[in-house]
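Hello,

I am passing on the structure that we talked about, and below it you will find my notes on what was found. Please read them with the model open beside you.

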Amino acid sequence: MKLDVDALRYLSKDDFRVLTAVEMGMRNHEIVPAELVDRIAGLKHGGTYKVLKNLLKHKLVHHDSSKYDGFRLTYLGYDFLAIKTLVNRGVFAAVGRQIGVGKESDIFEVATEDGTVLAMKLHRLGRISFRAVKSKRDYLMHRTNYNWLYLSRLAALKEYAFMKALGEHGFPVPDAVDCNRHCVVMSLVQGYPLVQVKQLQHPEEVFETIIGLVVRLAEHGLIHCDFNEFNIMIDDDERVTMIDFPQMVSVSHRNAQMYFDRDVECIYKFFSRRFNLSDQEDSEEGDRSESDTEENGRPSFSSIAKSARFLDKELAASGFTRKDQDEIEKFIEGTGQKDTLSSDDEVLAEEEGTSNEVNDAVATNLNSLHLADQHELSESCGDKAAAGALLHS
Ligand code: ADP
Ligand code: MG
């Protein structure tokens with residue numbers, strides 16, 4: 001699969017109409033029969049079939065006849081729909097080079113009409129973890145909801161909602177700009193992931209800032225759950241920005257204490273390894289007097305969580321609900337920290353055949369691609385008639 005966004009230039013209104021019809025069909029079909037696509041798209045004279053061929057050629061849909069004959073969206077198809085929508089909304093006008101490959105995301109630079117560069121994160125939840133979870137067939141058997149489309153969209157919405165809420169509460173996070181489908185657009189963070197930083201002028205201060213963030217998050221009822229050197233960005237002035245929120249949980253989560261301690265431990269370990277900060281746990285007993293907000297020299301979860309306030313209202317304002325949180329937690333549970341790839345995971349990523357080819361194609365192709373003058377795609381995933389056709393199918 002190639003993410004050659006250049007193809008966006010050549011896709012017609014009908015192409016997007018049919019692509020959107022496949023997406024709509026996937027709300028209740030794993031594989032969407034061509035007749036249903038045709039009915040939703042409502043093109044004249046069987047035009048849908050010709051268009052499907054074109055979409056297939058560009059690898060925006062996949063033809064599947066394993067169970068019955070039909071089509072499903074590919075990641076690329078989904079990417080195109082999201083990008084197209086965001087371009088039509090005027091959120092950005094061009095897609096640039098790839099700046100990050102997460103285990104479950106691809107991150108690109110995008111540019112607005114006035115040349116401001118932003119970051120676009122395409123969520124690929126399911127690229128790895130879903131395969132891992134898939135092996136637990138029983139668990140998933142009756143959960144048709146658990147497909148990558150749904151999960152990636154949920155992850156993006158969650159990330160957007162958290163980024164916005166945290167930003168409003170003064171946390172150092174990227175500005176949340178917009179979100180569509182599995183795609184989040186945010187400000188570009190200057191600097192580098194901490195993992196790439198070999199030296200710091202003031203390691204103690206940076207350390208205190210970072211631990212302070214974990215504590216402050218907990219005071220706001222939240223645990224990052226993936227708080228480590230991959231998800232902390234640091235700029236030349238040693239200012240810290242935290243990123244990557246799809247796995248956050250509430251301090252009321254039954255494993256909250258464990259997640260909190262794990263986040264704290266990650267930071268302690270990293271700083272003692274990389275910057276030789278002495279680990280206070282190893283220091284002599286009685287060296288320092290502990291306050292009631294500390295245990296073994298570490299921030300104490302129980303005393304912080306007791307007085308936590310929650311951001312539920314702010315999150316709901318972005319459309320992310322408690323129910324969404326429960327759904328995504330069920331999925332993320334047990335998949336571990338996603339930024340620390342195991343060798344098994346890498347094998348899976350290769351099998352999926354998405355990341356590398358996609359990234360190469362985009363990195364070489366998109367430096368100055370302008371998408372603004374594309375044909376219009378209705379933002380609302382097709383018109384009312386199409387929605388009606390789906391409901392009555
Ligand atoms: P994942 O969930 O896949 O780990 P992340 O959100 O952690 O994805 O992003 C992966 C990498 O992309 C980061 O380590 C960072 O290098 C880069 N990145 C992500 N968001 C931004 C941003 N807003 N600005 C600059 N770089 C970013
Ligand atoms: Mg990350």
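Not counting residues up to four places away in sequence, F71 touches V22, I31, V32, A34, V37, L52, V61, H62, H63 and D64, where two residues are in contact if their C-beta atoms, placed from the backbone, lie within 7 Å. F71 lies in strand β2, residues 70–73; strands here are DSSP runs of E with at least two residues, helices are runs of H or I with at least four, and both are numbered from the N terminus. With 28 C-beta neighbours inside 10 Å, F71 counts as buried, a word that applies if 20 or more other C-beta atoms lie within 10 Å of a residue's own, while 12 or fewer make it exposed and anything in between partly exposed, again with C-beta atoms placed from the backbone. F71 and D292, by contrast, are 221 residues apart in sequence and 59 Å apart in space, C-alpha to C-alpha.

Before going further, please keep in mind that this is a predicted model, in which local features need pLDDT of at least 70 and side-chain atom pairs count only at pLDDT 80 or more, whereas totals for chains, interfaces and linings use all residues. Residues are numbered from 1 along each chain as its sequence is written, and chains are lettered from A and ligands numbered from 1 in the order in which they are written.

For the chain as a whole, the secondary structure comes to 15 helices and 15 strands, and buried residues make up 40% of the 393 residues. Among contacts between residues at least 6 apart in sequence, 70% join residues at least 24 apart.

One of the contacts of F71, V22, is also in contact with V32, V37, V61, R72 and L73, leaving aside its neighbours within four places in sequence. V22 belongs to the largest nonpolar core, which has 96 residues, and in which V18, V22, V37, C183, V185 and I223 touch the most other members; such a core is a set of buried Ala, Val, Leu, Ile, Met, Phe, Trp, Tyr and Cys residues joined through C-beta atoms within 7 Å. Helix α7, residues 148–168, gives the most to this core, with 14 residues.

V37 is also found among the buried residues of helix α2 (residues 34–41), which are L36, V37, I40 and A41. They cover an arc of only 130 degrees around the axis, which puts them on the same side of α2, the arc being that of the directions from the helix axis to the C-beta atoms. An α-helix has 3.6 residues a turn, so residues three or four places apart point the same way. Just after α2, G42 takes a positive phi of about 65 degrees.

Most residues other than glycine have a negative phi. R181, however, has a positive phi of about 50 degrees although it is not a glycine, and its place is in the loop between β6 (176–180) and β7 (183–187). R181 is buried, with 21 other C-beta atoms within 10 Å. D244 likewise has a positive phi, near 75 degrees, and lies in the loop between β11 (240–242) and β12 (249–250), where D244 is buried with 27 other C-beta atoms within 10 Å.

D244 leads us to the ligand. Which residues come nearest to ligand 1? Of the 19 residues around ligand 1, they are G100, G102, S105, V189 and D244, and a residue is counted as near if its C-beta atom, placed from the backbone, lies within 6 Å of the molecule. The elements that give two or more residues to this shell are β3 (94–102), β4 (105–111) and β5 (117–123), and β3 gives the most, with three residues. The shell divides into 10 nonpolar, four polar and five charged residues, where Ala, Val, Leu, Ile, Met, Phe, Trp, Tyr, Cys and Pro count as nonpolar, Asp, Glu, Lys and Arg as charged, and the others, Gly among them, as polar. Domain 2 (90–189 + 342–352) and domain 3 (192–242 + 252–307) both give residues to the shell, so ligand 1 lies between them; the domain bounds come from an automatic or database domain assignment.

Best wishes
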